[in-house]
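This report goes through contacts, core, pockets, salt bridges and backbone geometry in turn. The sequence and model are shown first.

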Amino acid sequence: MQCTEKANHIAKCLELAILLEVSADKPGNVNFIVGFEGTRVEHFLASAVAARDAFEEAASRGIAIACNQLKIENAGVGELIRTCAADVAAWQKGGNTLIGTIMLFVPLAVAAGITPMDKDRFDFVTLRRNLKRVVESTTPQDAVFLYEAIEIAKPSGLNEAPDFDVRDPASKARLLKEQVSLFKVFQIAAGYDDICYEWVNNYTITFDLAYPYLMQQLKIKCLNTAIIHTFLKVLSERPDTFIARKVGIEKAREISDDARKILELGGVETEDGRQSIVTFDKKLRNSDSLYNPGTTADLTAAALALCTLGGYRP
């Protein structure tokens, strides 16, 4: 496969993962049936299309790294995240739709570009090793670009950070002056944000929890059911950090307990499970979006990205 074809292939895999994730009827999230005030499914569809160019560029840079044409520390992960956030903002009016997913997908695209392909799939052991190299090679300038991406996306629930607060105008200058890389910034935030946790722990939720469970589900269930159950599985084991930052860890754990009980009832495959999902969805939506499990949706999208990169096609 030619380099341009490989980059195009990776970008298609990641775009498809976003489209599949938003298509599933996950409780408390935007889908084809229901949205939030000002943010609907069409905003996510437009975002998926808008993000594709940045994913392709990220993959191209990974390919250049593999060919010794670019140093890995010059991959420009932060710049790519900022560019992707700007493209997404330009193509839809629904506010922040994908910033967490973008933060997970851009390093993944670079790593996939570095990793050799076998027909239409990647070896995940090698991919994961390259992913670790990519995130650990980020620079202070990458961190500054990431802060600018967040300024563009304007996500809610940021709250006050213990250091290098993204809302503090002095933070970007400090990052450069004190030579704090993006990876180090995420190390600081890993305790209260699972996107950052993934970066510094080699995407352990994605590779070790969400993806294996999703693949197991796909062997015996339809795609929509598999995605919903994976979403609930991740939520049951990882209290959503987006919710925790908004309303506290105890409420986030309560919601995780609800997700666990739904799975125990059979999820969407039993009448009791379906009724409990309806009740759960109402609980999440009747809270002015404070209980939106957005981080869990990002992690579910990452699991779907591994599926598509691994050769899965709906």
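Contact here means heavy atoms within 4.5 Å. The structure is a predicted model.

**Gly94 and its surroundings**

By that criterion, and not counting residues up to four places away in sequence, Gly94 touches Gly38, Thr39 and His43. Gly94 sits in the loop between helix 3 (77–91) and helix 4, where helix 4 spans 99–114. With a relative accessible area of 6%, under the 20% cut-off, Gly94 is therefore buried. Computed along the chain, Gly94 and Asn74 are 20 residues apart, while in space their C-alpha atoms are 32 Å apart.

In soluble globular proteins, nonpolar side chains tend to be buried together. In this model the largest nonpolar core has 109 residues, and those with the most contacts inside it are Leu14, Phe55, Ile81, Phe105, Trp199 and Leu232. Helix 4 gives the largest share of this core, 12 residues. For Leu232, the contacts beyond four places in sequence are Pro27, Ala259, Ile262, Leu263, Ile277 and Phe280. Ile277 is also among the residues nearest the centre of the second largest pocket.

**Pockets**

Rolling a probe the size of a water molecule over the atoms shows where empty space is left.

The largest share, 5 residues, comes from helix 15.

Helix 11 (223–237) and helix 14 (271–285) each contribute at least two lining residues. Helix 14 provides the largest share, 5 residues.

**Salt bridges**

How many salt bridges does a search of the whole structure find? The search finds 24.

Arg285 and Asp281 are 4 residues apart in helix 14, so about one helical turn separates them. Both Arg285 and Asp281 are buried.

Glu21 forms a salt bridge with Lys26, and the closest N and O atoms are 2.8 Å apart. Glu21 counts as buried because its relative accessibility is 8%, under the 20% cut-off. Lys26 is likewise buried, with a relative accessible area of 1%.

Arg238 is paired with Asp194, again with the closest N and O atoms 2.8 Å apart. This pair links distant parts of the chain: Arg238 lies in the loop between helix 11 and helix 12, Asp194 lies in helix 9, and the two are 44 residues apart. Arg238 is partly exposed, with a relative accessible area of 23%, whereas Asp194 counts as buried at 3% relative accessibility.

Beyond these pairs, Lys251, Glu254, Asp258 and Lys283 are linked in a network of salt bridges.

**Positive phi angles**

Lys154 is not a glycine, yet has a positive phi of about 55°. Lys154 is found in the loop between helix 6 (140–153) and helix 7 (171–177). Is Lys154 buried or exposed? At 65% relative accessibility, over the 50% cut-off, Lys154 counts as exposed.

Tyr203 also has a positive phi of about 55° without being a glycine. The loop that holds Tyr203 runs between helix 9 (194–200) and helix 10 (204–220). Tyr203 counts as buried because its relative accessibility is 1%, under the 20% cut-off.

How values were computed:
Residues numbered from 1 in each chain as written. Predicted model: local features only at pLDDT ≥ 70, side-chain atom pairs only at ≥ 80, totals over all residues. Heavy atoms only, no water. Buried < 20%, exposed > 50% of the residue type's maximum accessible area, 1.4 Å probe, protein only. 1 Å grid on protein atoms, 1.4 Å probe; cavity = no way out; pocket = protein on both sides within 12 Å on 5 of 7 lines; lining within 4 Å. Core = buried A, V, L, I, M, F, W, Y, C linked by side-chain atoms within 4.5 Å. Salt bridge = Lys/Arg side-chain N within 4 Å of Asp/Glu carboxyl O.
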